[in-house]
Amino acid sequence: MMAASQGRLQDRRPVSIIDIGSNSIRLVVYEGLARSPTMLFNEKMLAGLGRGIVSTGRLDPEAVTRAMEEFRRFRALSDQAGAVHMHVVATAAAREAENGPDFIHRAEEVLGTEIHVLSGRQEAYYSALGVISGFRPANGIAGDLGGGSLELVDIDGENIGDGITLPLGGLRLQDMAGNSLEQAAKIARAEVARAKLLKAGQGRTFYAVGGTWRNLARLHMEKTGYPLDVMHHYEIGTESAMPFLKQVAKGNLERMKGIEGVSKARRALLPYGAIVQKEIIGAMKPARIVVSAVGVREGYLHSLLTPAEQQADPLLSACEELARLRSRSFTHAQELADWTGQAFEMFGVEETEDEARYRKAACLLADIGWRAHPEYRGTQSLNIISHAAFLGVDHPGRAYLALTNLFRHEGVFSESAAEIRLLATPRYLERARILAGTMRVVYLLSAAMPGVIPQLTWNRREDGTLEIVLPSNLAALYGERPAARVTQLGKVLGRRMALAVEGRQAGSAAR
């Protein structure tokens, strides 16, 4: 294997996966098998294998020819990227077509590896496992809409219920309806009525998986002027979703804002995806629709991890990797994550489980912008964090992480990044300022290197002033700037704080 650059994790060996769907075929090469895998390379083709399968019972012949040529390219790309193993899965069209077995045999010869043709039940299972890998915790019903089928499955934490496969994939529904949207709506209503499991989803979350639904969500983002162009964990309330879906289901898309961002090959299927989602919402009555950027591919790879690896926190795993790759000291980042937990207790700041996770993540990310020009470290950190391919964090939480690191560089009272601040709840915004203020103290005392943070202790004076105390062996680190930063942190908290040295007379404190 060729040597990896220093921007790569040295203990990872790339793996690739090819997903042969009814509409698209995609190759993804990952840096390695991990709880939060990072893409090295990603390419797809819209082959349309399942086009016309309703009337002919066979895979589209032109699509088969194009797919075989692309398989040769995908094999070469996988080898070029250094993948040590290639996994290949095939879904609805390949398993249902009369000439599916012949297609799979030819594809296996070209790719040089076994292809796993997933049953409908298996497809639902891996899709659910993908959702579990991307949300912490997942609780609701996942719907994976492909070109040939729709898989629905109930998820409650790590528990996956029995799934159901419906013939409502975009290409199939278009074929069954004879290109009539009115007829498609009747078919979708009848098929969705068979999914009795939807009734158990009332008031819970519907996880929308699949390219068609992601493109619908992108249009919804454009329509509403949403400030963050990140698809995973984009949330749509049902009251907002239904009028939007009804509009798309009419098929008049050319004047819709953002439609130019959807490939022409995908546009024709958007009304069918809207029709299906509208029927699901009507039958399920979920509290919200949440978009998942992970599905069958990620679920299949998740199944290859050890049980311990599967239980790891995907957000913290990804942040630890970024800290290893970009910070001056990974150990310092870990010390910061641990010590700020003590700090929040001393401040009387209570945290939910997610808030504690987000605080730790923000600390792991606190030094990833250090190579940028000092005037732009905050902006660069905010951009990296707000748009990173993180799993296990919602958009308000993502804003908490990004704003913390903006404030850590620009100052706790910075009014920059107005759009991202709109995503953060008032509670998250307050915590971002507190955490950033704490970081601004610690970095001046530690020079971003390990060893100092664990030695910092706390003292509460009789007058109520809270002191951060340097041990006597680190007395030389005391100075005007860190003392002023502690005073500023006190202003954020609305309490008296001071920096002190062990054994010395108490210095001044300010409210």
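Reply: A residue counts as buried when its relative accessible area is under 20%, as exposed when it is over 50%, and as partly exposed in between. The model is a predicted one. By that cut-off Lys199, at 62% relative accessibility, is exposed. Lys199 belongs to the loop that runs between α7 (181-192) and β10 (205-209). Pro286 is 87 residues away from Lys199 along the chain, yet the C-alpha atoms of the two are separated by 9.4 Å.

At the start of the helix, Asp313 has a side-chain oxygen within 2.9 Å of the backbone nitrogen of Leu315.

Next comes burial. The buried residues of α14 are Pro314, Leu315, Leu316, Ser317, Ala318, Cys319, Glu321, Leu322 and Ala323. In an α-helix there are 3.6 residues a turn, so residues three or four places apart point the same way. The partners against which the buried residues of α14 pack are α5 (120-134), α15 (330-347), α16 (353-364) and α18 (395-410).

α14 also takes part in the largest pocket, giving the most to its lining with five residues. Other elements that each supply at least two lining residues there include β2 (25-30), β3 (39-45), α8 (211-224), α12 (296-302) and α17 (377-387). This pocket holds about 1,200 Å³ of space. Its lining is made up of 48 residues, and those closest to the centre are Pro37, Met39, Ala388, Ala389 and Phe390. Sorted by class, the lining has 21 nonpolar, 13 polar and 14 charged residues.

The second largest pocket has about 270 Å³ of space. Of the 15 residues that line it, Arg377, Arg408, His409, Tyr443 and Arg485 lie nearest its centre. At least two residues of this lining come from each of α18, α20 (426-446) and α21 (480-493), and α20 has the largest share, with four residues. The classes here are seven nonpolar, one polar and seven charged residues.

Key:
Residues are numbered from 1 along each chain as its sequence is written. This is a predicted model: local features need pLDDT of at least 70, side-chain atom pairs count only at pLDDT 80 or more; totals for chains, interfaces and linings use all residues. Side-chain values use heavy atoms; hydrogens and water are left out. Buried means under 20% relative accessible area, exposed over 50%, partly exposed in between (1.4 Å probe, protein chains only). Contact means heavy atoms within 4.5 Å. A polar contact is a pair of N or O atoms within 3.5 Å; within protein, one must be able to donate a hydrogen and the other to accept it, and residues adjacent in sequence count only if both atoms are side-chain atoms. On a 1 Å grid over the protein atoms alone, a cavity is a set of points where a 1.4 Å probe fits but cannot get out, and a pocket is an open set with protein on both sides within 12 Å along at least five of seven lines; lining residues have an atom within 4 Å of a point. Grid points are joined across faces, edges and corners, and a volume is the space filled by probe spheres set on the points. Ala, Val, Leu, Ile, Met, Phe, Trp, Tyr, Cys and Pro count as nonpolar, Asp, Glu, Lys and Arg as charged, and the others, Gly among them, as polar.
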